[in-house]
Amino acid sequence: MGQVEEIKKKDKLLAMIIRNDYFCEGVEFITPNEYSQQVAYMHHPAGKLIDAHIHNMVHRNVVLTQEVLFIKKGILRVDFYDEYEDYMESRKLYAGDIILLISGGHGFSVLEDVEMIEVKQGPYAGDHDKKRFQGIDESKAIYK
């Protein structure tokens, strides 16, 4: 594969999957500048120096949580839903894969013991942070 897979409903991007074998030279930002979560792939040779730096305080208005999952081990099924909670399709994520969940809904099923890391904006708003709904079961999964 070695690519970035996009999950869309019409022109609306719901998620981006960066597969474990993705590769480029240098730095490549995979997300557009306006996304509240920025994801970049970096490949640097030994000896490369990256300037020391401090990030400036910049006020941002984040109205929708976007999250990034790093799959360390196992297999995870991701079910994608549009903003109306209608099921669209599913994908399997494997060790080394990364997914940016951008919009719409999502659900997960662990197919093989999973270890993963999640990164998202904070602070966490508890029950106000998400709306739960009934997802699909394995028999209804449509893999693409």
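Valine 27 sits in strand E3, residues 26-29; strands here are DSSP runs of at least two residues and helices, H or I, runs of at least four, numbered from the N terminus. The model is a predicted one, in which local features need pLDDT of at least 70 and side-chain atom pairs count only at pLDDT 80 or more, while totals for chains, interfaces and linings use all residues. Residues are numbered from 1 along each chain as its sequence is written, and side-chain values use heavy atoms, with hydrogens and water left out.

Valine 27 counts as partly exposed because its relative accessibility is 45%. The cut-offs are under 20% relative accessible area for buried, over 50% for exposed, and partly exposed in between, with a 1.4 Å probe and protein chains only. Together with Phe29 and Met42, Val27 forms a nonpolar patch on the surface, and the three have about 310 Å² of accessible area. Patch members have over 30% relative accessible area and no salt bridge; nonpolar side chains (Val, Leu, Ile, Met, Phe, Trp, Tyr) are joined within 5 Å, like charges within 9 Å. A salt bridge would be a side-chain nitrogen of Lys or Arg within 4 Å of a carboxyl oxygen of Asp or Glu. The areas come from the Shrake-Rupley method with a 1.4 Å probe, and for residues only the protein chains shown count as cover.

Now to strand E5, residues 67-81. Of its 15 residues, 12 are buried. Which strands does E5 pair with? Pairing requires at least two DSSP bridges between two strands. E5 runs antiparallel to E8, residues 105-120, with 13 bridges, and valine 78 stands opposite phenylalanine 108 there. With E6, residues 87-94, E5 has seven bridges, again antiparallel; aspartate 79 faces serine 90 in that strand. E7, residues 98-101, is joined to E5 by four bridges, also antiparallel, with glutamate 67 opposite leucine 101.

E5 and E6 form a hairpin with five residues between them. In the turn, glutamate 85 has a positive phi of about 70 degrees.

Next, the aromatic residues. The structure holds four aromatic pairs. Rings of Phe, Tyr and Trp (its six-membered ring) pair if their centres lie within 6.5 Å; planes under 30 degrees apart are stacked, over 60 edge-to-face, the rest tilted. Tyrosine 81 and tyrosine 87 have ring centres 5.7 Å apart and planes at 65 degrees, so they are edge-to-face. Tyrosine 81 also pairs with phenylalanine 133: the centres are 5.0 Å apart and the planes at 85 degrees, so this pair is edge-to-face too.

Tyrosine 87, at 22%, is partly exposed, and so is phenylalanine 133, at 29%. Elsewhere, Tyr22, Phe23 and Tyr41 form one aromatic cluster.

Glutamine 134 is also in the segment after E8, and it counts as exposed because its relative accessibility is 72%. Its C-alpha atom is 9.2 Å from that of glycine 107, 27 residues apart along the chain.

Last, a charge over a ring: lysine 92 lies over the face of tyrosine 143, 4.9 Å from the ring centre. The criterion is NZ of Lys or CZ of Arg within 6 Å of the ring centre and within 35 degrees of the ring normal.
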